[in-house]
Amino acid sequence: MADPSPASIAHRLEREFGADRVVHASDDRLANYARDEGYEGPYPPACAVLCESAEEVAAVLARAERERVPVTPRGAGSGMTGGCLPIHGGIVLSTERMQSVREIDEGDLVAVVEPGVITGEVQRRAEAAGMFYPPDPASLAFCSIGGNAATNAGGPRAFKYGVTRDYVLGLEVALVGGEVLRVGRRTTKGVTGYDLVGGFVGAEGTFGVITELTLRLLPNPPAVSTLLCAFPDMDTAAGAITALMGDGVRPRALEIADRSAIDHVRHRTRYAFPTGAMAIALIELDGDPEGLEATSIRVGERCEDAGAIDVRVAQSSSERRSLWDARRAISPALKEAHRHKISEDICVPRSALPEMLRRIGQLAAGTDIETATFGHAGDGNLHVNLLIDQDRHEPRVADRIHQTVTRLFEETVALGGTLSGEHGIGLAKRDFMHLEQSPRVLAWQRRWKQMWDPNEILNPGKVLPPRPRVCAE
Ligand code: 2HG
Ligand code: ZN
């Protein structure tokens, strides 16, 4: 049995991969691998290993299995649920150095990339070749494409274009024990065998480590139009969104934000939000330039009819950019302004959006916790953030947080919704899984995990609750 002490694990990895690949406990940089963008942790690993190829990833996984050391894969660390935190110590396997864009193929409309490539870079490279990679998590400037696939990330454009899973055609994955598999395909259509790609995408690095992705691209839409509508309250904004959806328009993004979310970004963005806005809807359309102008006018009028107090259409690409920069700044601004930011990303059927927003309003009014709600209204996917300035571990505070989150999830499930629309379960939500999924469904998922990782070496303690709940269905 190999010496399980952190120093010894790091030392053995260093012998195999070289000193520049291993971040030790004595190195200040190791603290970066103990956290993500969420509120869990810190959980320091024994060490982090910075892999540069699929062979190296496989070698780490072979060693981890041999020595029974937990290994936690990590992309850019931009997750919000503690999914990449090494809660049992051991090795953090980082793919941050696997940054190569191997192919952008215009004819096949395909990109082949390594997992550490930043998502914004995938988009830029596709656009430079006249194509379009639609998934656009708000963190696209710093999240990685491998992490997006691991969590099946969404983003504003999911409303029209779908989520990461809809764009992953094929994967290369390294498994516990060191085997490397290629699953999926390069063709848009393909139904040969079971959908293994669908299994790995969204498994949060608990089945295997993604070492290469083959992505589907689209032709670039010729024109885009962006509107910002201000409303006197969230209820009116929700009504306008429902009216638009009933009207048959298909914007590529249909975002909402409440007053607290807007107020947190006012001072740090170039975009000047209307002062009386208690809620905003950010709506983006794309398509042929001729039809787009007329649709954009119609959307603005519908919003006015539904109670908007101000409708603005971005007049230039720079205005559009600053509007989106402001939207993307909401999450980091909330994090900066408060000691703890507890972000949920519940998702309800579209028809239940107004009712869900009302229930969130009641929940917020009934607690002394400050909240901010924003997100992808078109998908019914809302980021309800609890903003805490006291010590969240203080028992009274911890209790209130737990009660509020539990109620939020119960209301969501009661309306036919789901705990997570795009951030994943990770560590933060695993103990709430039973609110949505039956013991049998959880048991089948546990078996699925065991098939890939019988010794629970890979990202242990994530997604599924640790102990099976023994109760009849
Ligand atoms: C977003 O849509 C991200 O901005 C982050 O998914 C959400 O911080 C959040 O709650
Ligand atoms: Zn989001």
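This dialogue walks through a predicted model, one feature at a time.

Colleague: How are residues, chains and ligands labelled, and what rules apply to the model?

Modeller: Residues are numbered from 1 along each chain as its sequence is written, chains are lettered from A and ligands numbered from 1 in the order in which they are written. Because this is a predicted model, local features need pLDDT of at least 70 and side-chain atom pairs count only at pLDDT 80 or more, while totals for chains, interfaces and linings use all residues; side-chain values use heavy atoms, with hydrogens and water left out.

Colleague: Which residues surround ligand 1?

Modeller: A residue is near a molecule or strand if one of its heavy atoms lies within 4 Å of it. Here the surrounding residues are Met-80, Ala-138, Arg-327, Ser-331, Lys-341, Ser-343, Phe-374, His-376, His-383, Asn-385, Glu-422 and His-423.

Colleague: How does that shell divide by class?

Modeller: Ala, Val, Leu, Ile, Met, Phe, Trp, Tyr, Cys and Pro count as nonpolar, Asp, Glu, Lys and Arg as charged, and the others, Gly among them, as polar. The shell around ligand 1 has three nonpolar, six polar and three charged residues.

Colleague: Which strands each supply at least two residues of the shell?

Modeller: Helices (H or I, at least four residues) and strands (E, at least two) are DSSP runs, numbered from the N terminus. The strands in question are E16 (340-347), E17 (370-376) and E18 (381-388).

Colleague: What coordinates the zinc ion?

Modeller: Donors are N, O and S atoms within 2.8 Å of the metal (3.2 Å for Na, K and Ca); water is not among the atoms, so sites may look incomplete. The zinc ion, ligand 2, is coordinated by His-376 (NE2), His-383 (NE2) and Glu-422 (OE), at 1.9 to 2.2 Å. The donor spacing in sequence is H-x6-H-x38-E. His-383 sits in strand E18 and Glu-422 in the loop between helix H13 (395-414) and helix H14 (433-436), so this pair ties together parts that are 39 residues apart in sequence.

Colleague: Are those two residues, His-383 and Glu-422, buried or exposed?

Modeller: Buried means under 20% relative accessible area, exposed over 50%, partly exposed in between (1.4 Å probe, protein chains only). Both His-383 and Glu-422 are buried.

Colleague: What does the side chain of Asp-345 reach?

Modeller: Asp-345 is in strand E16. It is buried, at a relative accessible area of 0%. Its side chain reaches the backbone nitrogen of Glu-422 at 2.6 Å. A polar atom of that side chain also lies 2.7 Å from the backbone nitrogen of His-423. Contact means heavy atoms within 4.5 Å. Beyond neighbours within four places in sequence, Asp-345 has contacts including His-383, Gly-421 and Lys-429.

Colleague: Which residues of helix H8 are buried?

Modeller: In H8 (residues 259-266) they are Ser-260, Ala-261, Ile-262, His-264 and Val-265. Their cover includes strand E13 (253-258), helix H10 (317-328) and strand E17. At the start of H8, a side-chain oxygen of Asp-258 comes within 3.3 Å of the backbone nitrogen of Ser-260. His-264 has a relative accessibility of 11%. A polar contact of 2.8 Å joins its side chain to that of His-338.

Colleague: Where is the backbone worth a look?

Modeller: The peptide bond from Gly-41 to Pro-42 is cis, with omega near 5 degrees. Pro-42 is in the loop between strand E1 (22-23) and strand E2 (47-50). Leu-109 has phi near 55 degrees, a positive value in a residue other than glycine. Leu-109 lies in the loop between strand E5 (101-105) and strand E6 (110-113). Val-463 has positive phi too, near 70 degrees. Val-463 is in the segment after helix H15 (439-452).

Conventions: A polar contact is a pair of N or O atoms within 3.5 Å; within protein, one must be able to donate a hydrogen and the other to accept it, and residues adjacent in sequence count only if both atoms are side-chain atoms.
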